[in-house]
Amino acid sequence: MAGIEIVLPEIEAEDRVIETEAGRFRVAGVRIPEKRVMADPALLRDLVKAARAAAAKAHVPYSHFHVGAAVIMADDPEGRIITGANIENASYGATVCGERNALHAAAAKGFRKIRFLALSTADSLGGPLQERSPCGICRQVMREFIDRNEAGDAALILVDTGDDEFTADILDIDRLLPYGFRL
């Protein structure tokens, strides 16, 4: 593997207190430590391509918003790429996002730890990150499959840019969901 080190920079914002006649309020800050991850850039590129190919298979007769995801699980000894696409239903609650379909397929194979997850929102490629970013439910499901207790590599989340100059925006779960729910 021709690896590169990907450095996700530290992010720090202090809490701020607002004093009012009605009481004190705290504006929550955040501290996200620097993370370093070794990765094969060709593998990451192929994962983004797999997510984009999965998006082409989405069933989206209502939103017409195609989403595909591709995941490699850290606990899969074969390092397979598992894909999923969003599947809509007239009963909107039955709709499932591409990211969750990929993770559920991986979980059904017995895997529980994300190594790399790529997603592609084919209909908003080239737009700002917030138009290509996973929904809140998917972010929470991703958090469930990221082992917080391991001292090893952070799981990377790659968001397809659709740009010839950049393959993907790279995040981790702390940058994507800094206050995610945990039991």
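Helix 2 and helix 3 cross in a left-handed way, meaning that the near helix is turned anticlockwise from the far one by less than a right angle. This is a predicted model, where local features need pLDDT of at least 70, side-chain atom pairs count only at pLDDT 80 or more, and totals for chains, interfaces and linings use all residues. Residues are numbered from 1 along each chain as its sequence is written, and side-chain values use heavy atoms, leaving out hydrogens and water.

Two packed helices are described by the angle between their axes and the distance between the axes. Here, helix 2 (residues 98-108) and helix 3 (residues 136-144) pack at about 25 degrees, with axes 9 Å apart. That makes helix 2 and helix 3 roughly parallel (angles under 35 degrees count as such). Who does the touching (contact is heavy atoms within 4.5 Å)? Glu99, Arg100, Leu103 and His104 of helix 2 meet Ile137, Cys138, Val141 and Met142 of helix 3.

Now for two single residues, one buried (under 20% relative accessible area) and one exposed (over 50%), using a 1.4 Å probe and protein chains only:

| Residue | Relative accessible area | Class |
|---|---|---|
| Ser120 | 0% | buried |
| His64 | 52% | exposed |

Ser120 sits in strand 9 (residues 114-121). Its side chain makes a 2.7 Å polar contact with that of Asp160 (a pair of N or O atoms within 3.5 Å, one able to donate a hydrogen and the other to accept it).

His64 belongs to the loop between helix 1 (41-55) and strand 7 (67-73). Most residues other than glycine have a negative phi, yet His64 has a positive one of about 60 degrees.

Terms used:
Axes fitted to C-alpha atoms, helices over the stretch in contact; angles between N-to-C directions. Helix = DSSP H or I, 4+ residues; strand = E, 2+ residues; numbered from the N terminus. Parallel < 35°, antiparallel > 145°, perpendicular 65-115°, else oblique. Contact = heavy atoms within 4.5 Å.
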